[in-house]
Amino acid sequence: MCNSQENWRRGALSPLEMAEEQAKQGPVVPESVLKKQKRNEEWDLKKKEELAALKKKNGESQKLIYNRAKQYCEEYEKQVFISLHWF
């Protein structure tokens, strides 16, 4: 007798039931593919975090640049006003 027939007689799954069970579980994916997917997800998350930090840093530096330019403009206007006021 075949080994699969013995298992079937002992109450194990029939070949048809085994096929249905595998279909429910989904396709078999190699471990290397799963590792690659996980690694890519981690890299994507790290890139998003770095990009968010870079955007925040750029926003702060833009505010600093704007404030310095505004301060320079105010000082220049004061100097022009004083120089014109004296003459």
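Helices (H or I, at least four residues) and strands (E, at least two) are DSSP runs, numbered from the N terminus. The model shown is predicted: local features need pLDDT of at least 70, side-chain atom pairs count only at pLDDT 80 or more, and totals for chains, interfaces and linings use all residues. Residues are numbered from 1 along each chain as its sequence is written, and side-chain values use heavy atoms, with hydrogens and water left out.

View 1. The protein has 3 helices and 0 strands. Of its 87 residues, 1% count as buried. Buried means under 20% relative accessible area, exposed means over 50%, and partly exposed lies in between (1.4 Å probe, protein chains only). The protein exposes about 8900 Å². Carbon and sulfur atoms supply 58% of that area. Accessible areas come from the Shrake-Rupley method with a 1.4 Å probe; for residues, only the protein chains shown count as cover.

**View 2. Glu31 and Lys35 meet in a salt bridge.** The N to O distance between the two side chains is 3.6 Å. The term requires a side-chain nitrogen of Lys or Arg within 4 Å of a carboxyl oxygen of Asp or Glu. By this rule the count is 1 salt bridge. Glu31 and Lys35 sit 4 residues apart in helix α3, so about one helical turn separates them. Both residues are exposed.

**View 3. Tyr72 and Tyr76 form an aromatic pair that is stacked.** Rings of Phe, Tyr and Trp (its six-membered ring) pair if their centres lie within 6.5 Å. Planes under 30 degrees apart count as stacked, over 60 as edge-to-face, and the rest as tilted. The count by this rule is 1 aromatic pair. The ring centres of Tyr72 and Tyr76 are 6.4 Å apart and the planes meet at 20°, so the pair is stacked. Both tyrosines lie in helix α3, 4 residues apart, about one turn of the helix. Tyr72 is exposed, because its relative accessible area is 57%. Tyr76 has 49%, so it counts as partly exposed.

**View 4. Tyr72, Tyr76, Val80 and Leu84 make a nonpolar surface patch.** The patch covers about 460 Å². Patches are made of residues with over 30% relative accessible area and no salt bridge; like charges are joined within 9 Å, and nonpolar side chains (Val, Leu, Ile, Met, Phe, Trp, Tyr) within 5 Å. Val80 is placed in helix α3, residues 31-86. Its relative accessibility is 31%, so Val80 counts as partly exposed.
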